[in-house]
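Hi there,

Here is the structure I promised to pass on.

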Amino acid sequence: KIFKIKLKEIIFNYGLANKKLIKNLSIEMNLKFPVIISGSSGSGKTTLANIISGIYLPEKGEVVYIDSNNNEYNSKKYNVNVGYVTQNIHLFRGTIKEFLCEDKIIDVKHIYEVLSSVGLLDFIKANGGIDTKVVEGGRSFSGGQIRRLGIAKMLLAGSQVIILDEPTAGLDDKNKNYLLETIKKLSTNYIIIIISHDKIDLQNSIKINLDNLNSEK
């Protein structure tokens with residue numbers, strides 16, 4: 001179980017005329033402190049999220065995952081289970097359970113626990129339960145509910161690091177606030193990384209603005 005991630009003097013580029021996309025970035029991420037990565041298009045938001053989660057390896061520097069016993073695991077040697085939740089989640093034909101679990105056998109009690117953690121249990125039970133068929137691309141769900149279903153799917157897959165790509169895009173204030181409250185609660189047990197163009201006010205969050213970072217001399 002990952003409790004902390006440290007980035008130590010990270011440098012990353014795409015090999016373009018010595019242009020550094022990420023320059024000497026050092027930061028520590030902990031449970032209860034969601035990381036919000038912002039910046040203009042092309043500034044490296046998704047790249048940084050992928051470096052943090054170990055999908056990309058830095059050109060220089062280290063990404064270290066730390067467990068509850070302070071054991072350190074370098075991303076160059078170890079992988080963590082990363083859940084990537086996009087802003088456009090496709091609910092395929094089938095039941096809600098099939099969407100959440102795919103081909104995995106997961107105890108129903110655990111499914112309910114995860115649905116409760118993302119604030120969807122009462123809604124799904126009121127609409128027929130997890131064996132209800134998804135129709136018309138999930139039109140009975142709001143945009144915020146679909147994204148929370150996407151988060152639940154990643155949690156059921158055992159993800160320890162959750163990357164949320166533009167989670168509040170296109171949501172009204174009510175759904176946006178509900179989703180952010182869900183993220184805040186989940187951050188007590190999971191490392192949460194948010195990629196966003198939107199301004200997001202989330203208590204105890206760590207904000208990384210890549211436009212400011214990359215403009216520093």
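In which hand of crossing does α5 pass α6? The crossing is right-handed; a crossing counts as right-handed if the near helix is turned clockwise from the far one by less than a right angle, and left-handed if anticlockwise.

Before the rest, two words on conventions. This is a predicted model, in which local features need pLDDT of at least 70 and side-chain atom pairs count only at pLDDT 80 or more, while totals for chains, interfaces and linings use all residues. Residues are numbered from 1 along each chain as its sequence is written, and side-chain values use heavy atoms, with hydrogens and water left out.

**Helix packing**

Helices (DSSP runs of H or I, at least four residues) and strands (E, at least two) are numbered from the N terminus. Helix α5 (residues 143–156) packs with α6 (residues 173–186) at an angle of about 20°, and their axes are 9 Å apart. Axes are lines fitted to C-alpha atoms, for helices over the stretch in contact, and angles run from 0 to 180 degrees between N-to-C directions. The two helices are therefore roughly parallel, given that angles under 35 degrees count as roughly parallel, over 145 as roughly antiparallel, 65 to 115 as roughly perpendicular and the rest as oblique. On the α5 side, Gly 144, Arg 148, Ile 151 and Leu 155 meet Asn 175, Tyr 178, Leu 179, Thr 182 and Leu 186 of α6; contact means heavy atoms within 4.5 Å. By class, this contact has 5 nonpolar, 3 polar and 1 charged residues. Ala, Val, Leu, Ile, Met, Phe, Trp, Tyr, Cys and Pro count as nonpolar, Asp, Glu, Lys and Arg as charged, and the others, Gly among them, as polar.

α5 also packs with α3 (residues 108–117), at about 135° and with the axes 9 Å apart. That makes α3 oblique to α5, and α3 passes α5 in a right-handed crossing. His 110, Ile 111, Val 114, Leu 115 and Ser 117 of α3 meet Leu 149, Ala 152, Leu 155 and Leu 156 of α5. Here the classes are 7 nonpolar, 2 polar and no charged residues.

**Helix α1**

Of the 8 residues in α1 (residues 45–52), 7 are buried, so the helix is largely enclosed by the rest of the structure. Buried means under 20% relative accessible area, exposed over 50%, and partly exposed in between (1.4 Å probe, protein chains only). Lys 45 is among the buried residues. After α1 comes Gly 54, with a positive phi near 90°.

**Two loop residues**

Ser 159 lies in the loop between α5 and β9 (161–165) and, at 3% relative accessibility, counts as buried. Its side chain makes a polar contact of 3.5 Å with that of Asn 81. A polar contact is a pair of N or O atoms within 3.5 Å; within protein, one must be able to donate a hydrogen and the other to accept it, and residues adjacent in sequence count only if both atoms are side-chain atoms. The Ser 159 side chain also reaches the backbone nitrogen of Gly 83 at 3.3 Å.

His 197 sits in the loop between β10 (191–195) and β11 (206–209) and is partly exposed at 49%.

Best wishes
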